[in-house]
Amino acid sequence: MKNYLLNIFMQAANKLNYLNEIELTFTVPNQKSYGDYSLNAAMILSKKLNRNPRDIAKEIVDSLEYDKSIIEKIDIAGPGFINFYFSSSYNTQVINQILTEKENFGRSQKHSGKRAMVEFISANPTGPLTVGHGRNAVVGDTVANMLERIGYKVDREYYFNNAGRQMRVLGDSVRLRYLELLGYQIHFPEDYYQGEYIKEIASMLKNEHGNKLVDEDAEGIFKQRAEKEIFADIIKSMERIGIRMNNFYNEHLLFEEGRIESLLNEFEKKNLSYKKDDAVWLKLTELGNDADKVIVKSSGEPTYRLPDIAYHITKFERGYDLMVDLFGSDHNATYPDVLAALKALGYDSEKVKVLIHQFVTILQKGEVVKMSTRKANYITLDELVDEVGADVVRYFFNMRGITSHLNFDLELAKKQSDENPVFYLQYAHARIASILRMTKEEGLGSSLSNLELLTTESEQNLLKKLYGFPDEVLYIAENYETHRIAIYLEELAALFHRFYTECRIIGSEKKLAEARIALCIAVQTVLKNGLSILGVSAPDSM
RNA sequence: GCGCCCAUAGCUCAAUCGGAUAGAGCAACAGCCUUCUAAGCUGUAGGUUAGUGGUUCGAUCCCACUUGGGCGUACCA
């Protein structure tokens with residue numbers, strides 16, 4: 001539909017030059033009486049041309065040449081909106097398209113040939129994934145899914161570091177628990193990892209090695225084993241909600257390959273760093289940021305900024321056209337440093353898209369749970385999946401815009417699991433599957449030869465909604481607005497449920513019944529395609 | 001103090017570059033199953049879009065200030 005409009009406007013632009021000067025945005029009005037698509041160009045132009053918008057609108061409409069069997073009428077309304085009404089028989093053509101393209105309906109080749117990387121989760125292996133990580137995990141995977149739909153070849157990557165103070169503390173936590181199991185008197189510091197999983201790992205080591213490890217230090221087998229077990233756990237948790245990484249990038253590799261060293265040299269050579277108080281500072285103020293930051297501490301250890309920059313350079317070197325980073329809001333101060341440094345080094349930092357999602361506030365018994373992996377005060381993602389299932393978890397985190405703070409009331413999530421909107425979508429899909437089973441028994445199949453019989457309001461509304469799907473996917477993917485897939489699907493499901501209530505298939509005249517079956521298949525296909533972007537299953541029965 | 005994000009119906013959230021009468025779900029109330037799944041449908045009620053000013057044909061959206069909240073602001077990651 002939109003493409004047709006763009007076509008006729010391209011022709012009109014030959015006559016009216018000013019149409020070339022603005023971007024034409026066709027929107028779906030929020031009120032049906034304003035047509036299927038609406039254009040506000042006349043109002044925008046009125047300022048530029050200093051003319052009455054309604055006069056401009058009339059001039060535009062008069063210059064359009066269109067097929068009356070496609071566009072039924074064009075109105076000028078309000079201050080100068082141009083409203084387009086498509087014919088009902090044209091609307092039905094979307095069914096042919098969907099039934100031909102099937103799972104590819106909604107895909108676009110706009111960005112084919114390009115490679116993207118989505119970096120997400122990136123939690124260090126110090127403990128299980130929590131509900132807090134869940135939002136990052138689900139949104140990251142969904143962004144990756146969306147980019148794939150618009151043509152990108154996407155890699156999912158998890159960046160982590162297994163060095164540093166936190167990991168030393170982790171190793172020592174396991175060591176102390178191990179000694180404790182062997183009957184030693186220990187003092188377990190408050191700022192050590194308090195979680196049960198530490199004891200479990202210690203217990204494994206005791207079972208396998210007896211008391212042979214008493215003289216080992218924290219950094220050796222204790223830390224290594226902890227990392228291995230925790231990672232195995234993290235990967236299992238990810239798999240439960242359908243996430244599979246292409247690569248795990250260990251920060252340590254940056255040191256091994258000498259990238260940290262050479263990056264430091266490059267900063268020095270380009271006069272972007274200086275020494276002060278035994279530390280090395282990056283001249284971020286000269287690059288437009290607020291303050292210079294330390295990249296190598298006086299102890300000789302680099303701060304996280306340096307490997308972060310080096311890591312992003314590897315992404316450029318690996319040839320990605322788009323690099324998406326998904327962070328929680330606690331990182332909102334760090335990425336400008338990385339981007340500024342990359343730019344100063346000559347990389348096109350526009351190719352890096354940083355998405356910051358706000359935190360999830362967990363409410364348990366009406367109170368806010370402050371999550372801390374170290375203090376073992378957390379609710380794991382696994383516990384949540386056990387409680388409500390993977391589909392609900394994926395849908396819940398995909399339902400809202402990432403800039404919104406998200407309240408997660410655990411009691412409510414459990415109690416209302418039956419009323420979660422995800423079931424509304426899945427129910428629509430299952431209902432259609434059921435219809436298809438029943439109609440088959442009645443000897444009815446789908447037919448595309450009498451689609452023009454689909455003239456009722458609920459049928460027409462469904463058709464128009466279906467038409468919008470590819471545009472919607474493209475828009476959402478290019479703007480990283482994952483939650484709008486959920487909104488679209490809820491609207492589609494609502495239109496279907498209404499259609500279901502108003503329009504019967506079995507019992508209708510055969511030609512009409514078969515056209516309606518075709519419509520059902522089209523709706524089912526789009527529901528399934530949309531749900532698969534979200535990573536939510538589309539059941540055939542519920 | 002400074003920076004980023006947020007404030008919309010009782011609750012959780014939408015609103016496609018600034019568009020027409022701000023929409024859903026949940027909760028509440030009133031209806032709809034001898035016929036394809038009632039996990040559904042229909043209707044009612046619910047709003048000074050935190051507040052004040054500004055920009056213009058038009059502001060939930062942009063700007064300024066105020067109030068309230070989240071996260072940062074480390075030689076932690």
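Start by selecting Tyr311: at 1% relative accessibility, this residue counts as buried (buried means under 20% relative accessible area, exposed over 50%, and partly exposed in between, with a 1.4 Å probe and protein chains only). Before going on, note that this is a predicted model, where local features need pLDDT of at least 70, side-chain atom pairs count only at pLDDT 80 or more, and totals for chains, interfaces and linings use all residues. Residues are numbered from 1 along each chain as its sequence is written, chains are lettered from A and ligands numbered from 1 in the order in which they are written, and side-chain values use heavy atoms, with hydrogens and water left out.

**Stop 1: around Tyr311**

Tyr249 and Tyr311 form a tilted aromatic pair, 5.0 Å centre to centre with 45° between the planes. For such pairs, rings of Phe, Tyr and Trp (its six-membered ring) must have centres within 6.5 Å; planes under 30 degrees apart count as stacked, over 60 as edge-to-face and the rest as tilted. Tyr249 lies in strand E7 (residues 247-250) and Tyr311 in helix H12, so the pair ties together parts that are 62 residues apart in sequence. Helices (H or I, at least four residues) and strands (E, at least two) are DSSP runs, numbered from the N terminus. Tyr249 also counts as buried, at 6% relative accessibility.

**Stop 2: helix H12**

Widen the view to residues 305-317, which make up helix H12. How many of the 13 residues of H12 are buried? The count is 12, so the helix is largely enclosed by the rest of the structure. Among them are Arg305, Asp308 and Lys315.

**Stop 3**

Next, select Phe496 and Tyr500. Both lie in helix H19, four residues apart, about one turn of the helix. An α-helix has 3.6 residues a turn, so residues three or four places apart point the same way. Phe496 is buried, with a relative accessible area of 0%, whereas Tyr500 is partly exposed at 31%. Show Arg431 too: this residue lies over the face of Tyr500, at 3.7 Å from the ring centre. A charge sits over a ring if NZ of Lys or CZ of Arg is within 6 Å of the ring centre and within 35 degrees of the ring normal. For another example, visit Lys276, whose charged end sits over the ring of Trp281, 4.6 Å from its centre.

**Stop 4: RNA strand B**

Arg431 leads on to the RNA. Of the 65 residues around RNA strand B, Arg431 is one of those that come nearest, along with Thr25, Lys297, Tyr427 and Ser434 (near means a heavy atom within 4 Å). Sugar and phosphate account for 56% of the atoms of RNA strand B that come within 4 Å of the protein. Which helix gives the most to this surface? Select H17, with eight residues there.

Finish with two polar contacts (pairs of N or O atoms within 3.5 Å; within protein, one must be able to donate a hydrogen and the other to accept it, and residues adjacent in sequence count only if both atoms are side-chain atoms). A polar side-chain atom of Asn83 lies 2.8 Å from a base nitrogen of RNA strand B. At Tyr304, a backbone N or O atom lies 3.1 Å from a phosphate oxygen of RNA strand B.

Methods: Expected span 1.5 Å × (residues − 1).
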